Structures are given as C-alpha cells and as structure tokens.
Amino acid sequence: MSGARPLELRDVERGRKLRERLARAVERAGREITVMHVCGSHEQAMARYGLRQSLPRALRVQMGPGCPVCVTDAPEIDAVITLAEAGHLVLTYGDMLRVPGRAGSLDDARAAGARVEVIYSATQALERARATRDPVIFFATGFETTAVATAAILLQAPPDNLFVYSAHKWVPAAMEVVACSPGSRIEGYLAAGHAATITGYGVFEPFVAAHQRPVVVAGFEPLDILAGLVSLVDLVARGEPRVVNAFPRCVSREGNRRALDALRRVFRAGDGEWRGIACVPGGELQLRDAYAAWDAMRRFEDLLERAPERAERVDARDCRCGAIMTGLAEPTDCAHFGVACRPESPIGACMVSSEGPCRIWLEHRVAPPRPAAHEGDAP
Amino acid sequence: MCLGAPGQIVEITDSTAVVDFWGVRRRVALDLVDEPVAAGDYVLVHVGFAIRRIAEEDLAETLAFFEAMSTEDLEGLVPPKDG
C-alpha cells in the first residue's frame, strides 16, 4: 500500500456517488427499510463524518449491541471493584474505568485508594505480572478482537500471579438474541469489520440461513459504511438473504485462523448476561479448565462470594441503555440523556465509552437532548 | 477499547514490531497475525496486537467494491407487491 492509497478510502467524490446511489436504492424500494449495525465504531464513524444526517429518510439504521464497554454487566464490574478494594492491583482498558457498576465505578474505587491502572495492550498485563510477586488482576473486557489478545498472553506461559477476570463477549451470539426479539423490524445487519477480521464472514452464514436476513460486513471509513449500506439495502430490497464481505482488505471467509485457534484453546463459550439486554446463550467467553490457575473468578471465588451485593442506584433503574442497544429506543428517548446522564457523570454505560451510543450522540450532536420534563431541570 | 487502527511496520524484532500510526509509534505484538509480515507492510492493530496484514491487492478489491456499489444498476430493486 503506497502512501497515497489510504486517501482513496476518503475520496469525497466517491462518497457523493455512494450517497446518491443509496438514496436511489431506497427510493426505488418504495418503502421504509430498517437495518441495524452491530458496532460502536460504526456509530462513531457515522457521527464523526455526519453520515446519519445524510441518510435517506426512509432508511432507518438502528444501533445494536456493539459497544463492549456498554454490555459489560454491572455485577462483573462490582466483582472487580471488590478485588480492587481487597488491595489487589487491577489492570484494565481505559474506557472501563468510569463505567458504573451497581454502586460505583473502578474510578471511584481508585479515588478511594484502590490500585486500579489503565493499560492499552494485554501485553502490559503480562509484563506487569512478571515484574512483581503480588497478584495482578487483568479485567479483560471486549469482543473477539480483544479476546484474542487475552488468549495470546495466556498462551505465553504467564507467571502464576497473573489472574484474568474475563468479561469477554462473543458478538454473533448477541445478534441471535436481537434477531429473535419479538417486534424486531430489522431487515438486515451491518456487521463489524474488525470483529469479522478474527471470525471470518463465514460465521454469519448460519445466522443468515436461520433468519433469512442479509448480513454485510463493513469497515470503518465513511466510504466503507456507505458502500456497505448500499449493498445491504440492495439485498433487502431484492429479498436476497446472504452474506456480503464489504471489507475485503481485512476480512476473509475463514477469518484469522491463528487468532481463532488461540481463542478456542483458551476460551469456551458460555451463557452470560449482557448488560441491560439479556442472558445471551453462548455470549460469554469463559476461561477453559486448563487455564483455571489464571482465572480470577476461581482464584478469588471465596472473596467474591463473601462480598455483599451492591444496591443499584435509584436513577439507574430507568436507564434505557438496554433498549438503545437493541434498537428499541434511541438515546433521545431517555429522560436522563444529556441532562443528568453526561460523559462526566454517567448513569448508564452507554454514556461512558467513546463507542457508547449515548456519548456519541451527545458529543457529535447527532440529536439534541429532549427538553427536560420539569422546570429547572434543563442544563 | 474495540478501536482498531491500521499502521505501517517500521522494524521487526523477534515477535514484536514497531508500528507507525501516522506519526505515533508503538511496539506491537505479532503473535496473532496469520501471515508473514515485513517492514513496510500495513497491519490492522487492536489492543497492541496486529491481527491482519493489509495487502495492496486487498485494498484494490475494496476500491473496486466502492466502484461497483456506486455504479451498479438498480435492476431487481422492486417496490413491495402491495405498494
């Protein structure tokens, strides 16, 4: 790839042609079409490049459960807070720090004196553990792309003081739940190109066969998303349920075999709660028995079981994050959005991460917060 | 956390590489990339691990897909039967 090639992925003229082509396709279909993307990075790119505002009115692009920070369940965060409060060093990715558990966040625990440190690579957890004899707990979160990194460090003969608390999730399992939810009007799915770089686009073939809905795997440049939407709308309008790979520069049918092999050696798919959504069968990546010695859930089982259950914040009870991440509501449907719930004081997980739908909508001004219901509530 | 970034390999030492992300350089693990890589190659990186070599010919395929999607005719896109 020579230096100028990446710029071709942002060609303005090509973008105009794709937008016009998308508009013609939706017009030709002659009805409203509803599709869903399953990736926070898609929403982020759509907001950053103003794509949402330029979509045809009859095309509805709903947000799916594609933000790993948002779907990490509150009790998982509470458990890691318990470990940190017990004096253990906890390492995690930066955007997990401020996600509210039921009572507080890891950031709150840190402010109260617990040792919580941010890492940007799983390799740092390994290095940190090798440099000390004390327990080092890695709160491992995210989808396929980060799960393979956690698998890779566990395959490198890690020291016996490294413990992984896995909250990793497997996205295709959650798509199954969304597709089966009653009242779903979703006619096609835009799947995340980076996750599919690992899994391969073949992973969606059984889903398409079962639900008779097309899946288009798309990348994250504005043209990737536009071309992906054109392809998806075409498939929906033609009634052609199949998988299209719109991200061929990274995605193959079989995926990254080396990474998948690492993933399968270290993890098995179990049932797990996706925050605000449902218990997703096969949606949680749990450490296999062969890695029990490095499993924080097993090593600290007694401590975690003794911890009192934390009471949920009252204002979190009407948080709409779950509905927002399953396409049943938009951020502006939530009374807290942009008012009580803001990036600096998040109530729901969707307001925390740069991949969270609420934070994206607020920061990129995709839609203004709705007027407060009571006088004096307005910001 | 889930944000992947493409970057260019500057140099390789054992199973890690220094990768240039448009001016910012980071050491990246190569354990998970599924084909041989060399200095000058572009790779897709997630949380400190390269997960894919981005090959020149694959980029051409993406550009061809953009071309196809912006010019392909609308044959077969029919209004609903009841409309």
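Good morning. Please bear in mind throughout that we are looking at a predicted model.

I begin with the division of the chain. Chain A is split into domain 1, residues 15–317, and domain 2, residues 318–363. Their C-alpha centres are 17 Å apart. Across the boundary, 27 residues of domain 1 of chain A are in contact with 22 residues of domain 2 of chain A. On the domain 1 side, the elements contributing two or more residues are helix 3 (40–48), strand 2 (59–63) and helix 5 (68–71) of chain A. Helix 3 of chain A gives the most, with five residues. By type, that side comprises 14 nonpolar, seven polar and six charged residues.

I turn next to the interior. In soluble globular proteins, nonpolar side chains tend to be buried together. Here, the largest nonpolar core contains 147 residues, and A:Val148, A:Tyr165 and A:Val233 have the most contacts inside it. Helix 13 of chain A, residues 222–238, supplies the largest share, 11 residues. Domain 1 and domain 2 of chain A each provide at least three residues to this core.

Which residues does A:Val233 touch, leaving aside those up to four places away in sequence? They are A:Leu22, A:Ala25, A:Val26, A:Ala29, A:Ile33 and A:Leu59.

Finally, I consider helix 6 of chain A, residues 74–85. Its 12 residues reach 16 Å from first C-alpha to last, close to the 16 Å expected. Helix 6 of chain A is mostly covered, with nine of the 12 residues buried; among them are A:Glu76, A:Ile77 and A:Leu83. After helix 6 of chain A comes A:Gly87, with a positive phi near 105 degrees.

Note on methods. Residues are numbered from 1 along each chain as its sequence is written. Chains are lettered from A and ligands numbered from 1 in the order in which they are written. This is a predicted model: local features need pLDDT of at least 70, side-chain atom pairs count only at pLDDT 80 or more; totals for chains, interfaces and linings use all residues. A nonpolar core is a set of buried Ala, Val, Leu, Ile, Met, Phe, Trp, Tyr and Cys residues joined through C-beta atoms within 7 Å. A residue is buried if 20 or more other C-beta atoms lie within 10 Å of its own, exposed if 12 or fewer, and partly exposed in between; C-beta atoms are placed from the backbone. Helices (H or I, at least four residues) and strands (E, at least two) are DSSP runs, numbered from the N terminus. Domain bounds come from an automatic or database domain assignment. Two residues are in contact if their C-beta atoms, placed from the backbone, lie within 7 Å. The expected span of a helix is 1.5 Å times one less than its number of residues. Ala, Val, Leu, Ile, Met, Phe, Trp, Tyr, Cys and Pro count as nonpolar, Asp, Glu, Lys and Arg as charged, and the others, Gly among them, as polar.
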